[in-house]
Amino acid sequence: MKIRSADFVMSNSNVTNAPKERMPEYAFIGRSNVGKSSLINMLMERKDLAKISGKPGKTQLINHFKINEEWFLVDLPGYGYAKVSKKKRTIFQFFIENYFKEREQLVCTFVLIDSRHDPQKIDLEFMKFLGENQIPFCIAFTKADKLGSSKLNKQITSYKKKLLNTWETLPKSFITSSSTGLGREEFLDFIDGVNEDVAKDFK
Ligand code: GTP
Ligand code: MG
């Protein structure tokens, strides 16, 4: 897929204020600092479309970007950021949870996992939540550039093996690096395919 346009539309803390246009939507979620905003910029080949930071907790709202005037990308706040106060964390979770439960045009969610890390409870719980709410998702392994290729393959194989302890089938997954652009074409081809598959539902 060729990216002809990528425009920031709006930031919200309430899904009811999100754009009303009926277009297929893809959300990016995962732990703080896993590289959600960076991956969006890499896919769009834009340096600072989504705001990035070395410090966790940078993205704090639901951010909509309109791509090719045809579909939306959504950059979400991370979960599992310990420094956010408990009260704020509850509010975060509430509005993120609402976004997933209520956004009808959400066609696929990308759960981002740092390639270097073993499965963590919070990610597994989030995938369980998506499953229970029948929200389709894929996994995007991030920061692949930080591992050598044999270590990378080992990590990903072992991650998938652990997922099979609780999931009957594995979700589709992508291996990405926002530094090198690894995975970009495969990712965009996948979105292109989903857009075609769901086109009839968006007429
Ligand atoms: P929050 O908005 O805080 O939830 O974080 P985020 O998941 O959006 O992460 P963000 O994209 O802001 O990236 C966090 C840090 O990781 C930044 O310092 C990025 O430069 C770095 N980073 C992200 N992706 C990659 C990657 O593929 N490779 C490398 N080496 N660094 C990356
Ligand atoms: Mg972010």
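Modeller: Charges to begin with: the protein has 33 positive and 25 negative ones, with mean positions 9 Å apart (Lys and Arg count as positive, Asp and Glu as negative, leaving out His and chain ends; each is placed at Lys NZ, Arg CZ, Asp CG or Glu CD). Bear in mind that this is a predicted model, where local features need pLDDT of at least 70 and side-chain atom pairs 80 or more, while totals for chains, interfaces and linings use all residues. Residues count from 1 along each chain as written, chains are lettered from A and ligands numbered from 1 in written order, and side-chain values use heavy atoms, without hydrogens or water.

Five helices and seven strands make up the fold (DSSP runs numbered from the N terminus: H or I of at least four residues, E of at least two). In order from the N terminus, they go β-β-α-β-β-α-β-α-β-α-β-α. Of the 203 residues, 48% are buried, meaning under 20% relative accessible area with a 1.4 Å probe, protein chains only.

Now the site. Ser37 belongs to helix H1 (residues 36-44) and Thr59 to the loop between H1 and strand S3 (62-67), so the pair ties together parts 22 residues apart in sequence. Both Ser37 and Thr59 are buried.

Methods. Buried means under 20% relative accessible area, exposed over 50%, partly exposed in between (1.4 Å probe, protein chains only).
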